[in-house]
Amino acid sequence: MPILETRDVTKRFGGLVAVNQVCMTVNNNEILGIIGPNGAGKTSFINALTGIYKPSSGQVFFQDKEITGLPAYKIAKQGISRTFQNLRVFSNISVLENVLIGAHCRIDNPFHHIFLRPLRSRKIEHQAYEKVIALLKNVGLEEKKETLAKNLAYGEQRILEICRALASDPQLLILDEPCAGMNSMEMDTLADFVKKLRNEGNTIVVIEHNMRFMMTVSDRIIVMTAGAKFREGTPEEIRNDLEVQKVYLGEQEAERC
Amino acid sequence: MDMSFFESKMGRGLLFGGLTICLLLTPTFVTDIYILSIFNLMIIYAILCMGLNLILGFTGLLSLGHAAFYGIGAYTTAILMTRFGFGFVAAFCASAVLAMIAGIIIALPTRKVRGDYFCLITLAFGEIFRLVATSWIEFTRGAMGIVGIPIPKIFGLQIVTETHFYYLGLGILTFTYLTLRAITKTRYGRAFIAIREDELAADTMGINTSIYKIMAFSIGCLYAGMAGSFLAVYQTAVTPSNFRLEESCLMIIMVIVGGMGRNLFAPLAGVAVMTVATEVFRSTAEYRMLIIGLIMILVLLIRPQGIFGSSSFKN
């Protein structure tokens with residue numbers, strides 16, 4: 001059963017069509033990879049899904065509810081959580097607080113309760129704290145919970161960003177180029193981590209350039225080029241597809257392969 | 001200096017208890033009315049700066065019009081008490097609420113306007129307030145100000161001497177601190193910080209950034225209204241010159257020098273340094289501002305995050 005479905009999602013910036021009538025589905029508990037050359041519209045597409053852009057036309061359905069054009073914070077509340085291509089952790093605050101902010105929309109603590117029902121308010125905040133600590137333990141950042149996010153190693157910041165996204169108990173997790181700037185060892189760790197998350201029941205969409213990473217991680221891959229969906233298939237099929245090779249490597253290079 | 005002792009739970013408790021006792025006993029040791037009046041002035045700025053810290057230090061909104069909300073509080077109390085026979089408690093509450101409502105209205109544009117442009121809106125509002133207070137003579141009595149504000153009574157208790165005002169101010173300051181601490185310890189405080197750090201990321205964490213910005217701004221203004229109300233009964237007079245742009249800037253300087261962000265007490269260090277400096281160098285007249293400017297530059301060079309600050313100002 002698909003948990004996310006897009007119908008002809010299009011995003012125009014003036015005369016430029018960044019995303020052109022993309023139809024796709026994400027199935028429950030799978031890792032869907034989206035690949036494509038630079039400027040293929042992958043990130044724009046994700047931004048249109050998560051409410052950072054409003055799609056120019058087309059529809060997005062999440063768990064059978066239409067979420068087209070909702071503001072980002074509402075989409076997050078519905079259960080789609082994401083990370084960013086250019087790393088957007090909250091750098092001047094602690095690791096713990098970063099993840100607690102990620103859990104924001106799952107902390108049921110109305111403002112007046114702070115003063116009128118302080119005990120309940122404190123209890124709820126404490127429950128969130130325990131949940132976040134468990135999450136940090138799971139990714140191995142628990143000892144660094146008081147460290148400022150900007151003082152973490154780059155790879156750890158990437159993990160922290162994913163952890164922050166996970167704190168909102170998302171039904172769908174979107175990772176936008178999680179490997180950017182990582183060395184191959186960090187990449188393998190990340191691949192294992194992403195697969196572990198899937199095995200724990202998460203549904204994940206990954207956008208990435210790195211083919212090695214995508215081939216090991218993805219259950220299914222969508223290739224985008226020039227804003228449109230170009231191919232869809234298993235990693236095996238995509239790897240052996242001559243057209244995809246042409247898109248990626250250019251005509252002659254592909255023939256040499 | 002080894003700070004670890006003060007960061008431990010016992011150390012903090014001792015420090016806190018000691019400070020509380022000192023603050024409570026101040027009037028018994030300080031018998032000089034002049035010095036006590038400086039303490040009262042500091043309390044007013046402390047309330048203002050704690051509120052401003054929520055706006056500037058937590059949420060990262062630069063407000064150049066904080067004095068206007070302070071003024072709204074002061075004028076509300078002055079007018080209600082002199083013309084409508086309100087008691088102090090009622091006028092105090094009305095001042096706080098009115099300043100907060102004004103804060104909500106001014107913060108509404110943050111939905112569309114951000115950064116420097118929002119700063120300009122607050123600057124313009126501050127000036128509009130001052131001009132209205134100066135020019136609407138029938139209502140505010142213009143530059144002469146409203147005088148003869150009655151002696152405040154709280155549940156039959158008359159507040160007359162400097163010492164009385166000291167305890168009243170301390171009470172309001174304690175209220176400010178306790179409520180702010182309760183708010184900032186929950187997801188609301190964290191949401192404000194998230195907005196300061198990265199608004200787009202905050203949005204995708206499920207934080208309705210527009211509402212939260214309005215919330216932080218108007219809560220900060222609520223305290224400014226309280227401080228204004230206190231000023232009105234303390235001075236027994238309010239004039240537009242109490243609420244000039246210089247006042248707004250001074251508050252921002254105090255918050256930055258003291259330190260913005262998580263540590264709610266940090267801005268108070270700025271309040272103390274700046275108020276004492278202003279008084280000590282009073283005799284040097286115009287050169288005073290030169291010296292104060294120098295102090296600020298020195299603090300920012302040596303400790304860019306402020307005396308007790310944890311996070312430096314971004315953007």
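## Briefing: domains, core and sheet in a predicted model

Let's start inside chain B: leaving aside its neighbours within four places in sequence, B:Leu48 is in contact with B:His66, B:Tyr70, B:Tyr223, B:Ala224, B:Ala227 and B:Met251 (contact means that C-beta atoms, placed from the backbone, lie within 7 Å). This is a predicted model, in which local features need pLDDT of at least 70 and side-chain atom pairs count only at pLDDT 80 or more, while totals for chains, interfaces and linings use all residues. Residues are numbered from 1 along each chain as its sequence is written, and chains are lettered from A and ligands numbered from 1 in the order in which they are written.

**The nonpolar core**

- B:Leu48 belongs to the residues with the most contacts inside the largest nonpolar core, a set of 162 residues; the others are B:Ala46, B:Ile47, B:Cys49, B:Ala99, B:Ala227 and B:Met254.
- The main contributor to this core is helix α11 (residues 209-235) of chain B, with 17 residues.
- Chain A takes part too: domain 1 (1-79 + 170-257) and domain 2 (92-169) both give residues to this core, so it lies between them.
- A core of this kind joins buried Ala, Val, Leu, Ile, Met, Phe, Trp, Tyr and Cys residues through C-beta atoms within 7 Å.
- Buried means that 20 or more other C-beta atoms lie within 10 Å of a residue's own; with 12 or fewer the residue is exposed, and in between it is partly exposed, with C-beta atoms placed from the backbone.

**The two domains of chain A**

- Chain A is divided into domain 1 (1-79 + 170-257) and domain 2 (92-169), with bounds that come from an automatic or database domain assignment.
- Their C-alpha centres lie 27 Å apart.
- Nine residues of domain 1 of chain A are in contact with nine residues of domain 2 of chain A.
- On the domain 1 side of this meeting, α2 (72-78) and β7 (172-176) of chain A each supply at least two residues; helices (H or I, at least four residues) and strands (E, at least two) are DSSP runs, numbered from the N terminus.

**A covered helix**

- Helix α3 (residues 95-102) of chain A is mostly covered, with seven of its eight residues buried.
- Those buried residues are A:Val95, A:Glu97, A:Asn98, A:Val99, A:Leu100, A:Ile101 and A:Gly102.
- Their cover includes α5 (118-139) and α6 (154-166) of chain A, together with α9 (187-197) of chain B.

**The open sheet of chain A**

- Four strands of chain A form an open sheet in the order β2-β1-β4-β5, with antiparallel pairing (two strands pair if DSSP finds at least two bridges between them).
- β2 and β5 (65-66) of chain A stand at the edges, each with a single partner strand, so one side of each is left without a neighbour in the sheet.
- Strand β4 (residues 57-62) of chain A pairs with β5(A) over two bridges, and A:Phe61 stands opposite A:Glu66 in β5(A).
- A:Phe13 is found in strand β1 (residues 2-13) of chain A and is exposed, with 11 other C-beta atoms within 10 Å.

**Positive phi in two loops**

- A:Asn29 has a positive phi of about 55° although it is not a glycine; A:Asn29 is found in the loop between β2 (16-27) and β3 (31-35) of chain A.
- A:Ala226 also has a positive phi, near 50°, and lies in the loop between β9 (220-225) and β10 (228-233) of chain A.
- A:Asn29 is partly exposed, with 13 other C-beta atoms within 10 Å, and A:Ala226 is partly exposed with 14.

Key:
Contact = placed C-beta atoms within 7 Å.
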